[in-house]
Amino acid sequence: MTEGVRGEGVGSGGGVERVLRAAAPHEVFEEVRGVLIRDHGAAGAELLMADYAAARLRPVTAEPFTADSVSAYNGGEGRAFGAQEAHVVAGEDETTVHLPVTVRGDRLGVLSVRFAAGVPVGGLLGPLQDVADALAHEILVADRDTDFFLQARRTRRLTLAAEMQWQLLPGRSCSRPEYDLGAQLEPAYAIFGDSFDWSASADHLTLTVNNGMGEGVEAALLTSLAVSALRNARRAGLGLADQAALADQALYGHYQGHRHLSMLLLRFDLDTGEVEAVDAGSPRLWRLRGGTVEPVALEAQLPLGMFEDTVYTCQRFTVLPGDRLLLLSDGVYDVLSPAGEPYGARALTRAVMNTRLLPPAQVPKALLEELPGYRGGVDAADDAMVVCLDWHGRPGAGTDGAR
């Protein structure tokens, strides 16, 4: 039988954190396994990492990581990953506790801890989740020094362009009290031009999505230059319009207008919900407010790098608590049905409504999985990107001027 449960957070992860800090990067999980057996009475443990397509959970064993993966949607592991809470499976021979391995909303995988049958695990859920949380943080640190966990995520080899793109991304999901974010790119193992980026401060969230022209490594190089230029400008304290201008200059200076990149730049005020926007090309924005799905109308400006010294201006709109925003590349909204109808005409509205109860981390994958059926089995002509943002706002945030 199965039982859905949520840990109460009793117990401290301080001890395991000290152990992990002393471990070699590739041995982090083996240290966790030892702690679980020694200090919590576990019979064994397994770490499963979410693959790049966010469809499978792959066991972290030893290279070349040939153990069979499991679904990221079904079974005890999939339920813990999807619901982001502990899930207990009690069998005749053993009881397994599946725990989400997540850091600041970024869903890395699942920690499965096995106990002898009949062991009461209810009181262990808090301490076990503390271990899973400490493991999540340490995996991100370990990724700087080892390929071990990155290799474990792969169900097949990435193209070179995809390798470049995934290394450029901030993560696939992020959570703060003011918002929840989720994003996904497809085809996950062969993407080239689409990308997204985000960064939060005490008062603002900056979110960008782009659709670079071209294919393969050339598209990935174009995107890498643009995102790096934007980050450089953002970290220098420049405003949103100046960030776009600096990236525009960097692209034009290198490509002389022969290649350009479409981008949508957004900067959210966490106190008020006011959004500054620069619409520089094809990525588009939809909003679900209440029961209505509609595009957010922005004035289109020139793509980055098309002409020399382009001047960009910011537009403004306001998000309200409860709003859901969808940022999409043309590889999503321009997909055609066999009858020639674009996905963004009516099917997108249905899909957004059908997924309205899913958390933002799951929405992008759900929308992207609809596209092959909508195309009628025809191969995709472009890569595709979906970013989903749920806005909660801060208590007492202003709503004047919302539209």
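**Overall fold**

The protein chain holds eleven helices and 18 strands, where helices (H or I, at least four residues) and strands (E, at least two) are DSSP runs numbered from the N terminus. This is a predicted model, in which local features need pLDDT of at least 70 and side-chain atom pairs count only at pLDDT 80 or more, while totals for chains, interfaces and linings use all residues. Residues are numbered from 1 along each chain as its sequence is written, and side-chain values use heavy atoms, with hydrogens and water left out.

**Size and packing**

- The radius of gyration of the protein chain, taken over C-alpha atoms, is 22 Å, which agrees with the value near 22 Å for a compact globule of 403 residues, the globule rule being 2.2 Å times the number of residues to the power 0.38.
- Along the principal axes, the C-alpha atoms fill a box of roughly 65 × 50 × 45 Å.
- Of the 403 residues, 53% count as buried, meaning under 20% relative accessible area (1.4 Å probe, protein chains only).
- Among contacts (heavy atoms within 4.5 Å) between residues at least 6 apart in sequence, 68% join residues at least 24 apart.

**Strands β10 and β11**

- Strand β10 (residues 194-200) is mostly covered, with five of its seven residues buried.
- β10 pairs with strand β11 (residues 204-212) in the antiparallel sense over seven bridges, where pairing requires at least two DSSP bridges between the strands.
- The two strands, β10 and β11, form a hairpin with three residues between them, and the bridge partner of D197 in β11 is T208.

Conventions:
Buried < 20%, exposed > 50% of the residue type's maximum accessible area, 1.4 Å probe, protein only.
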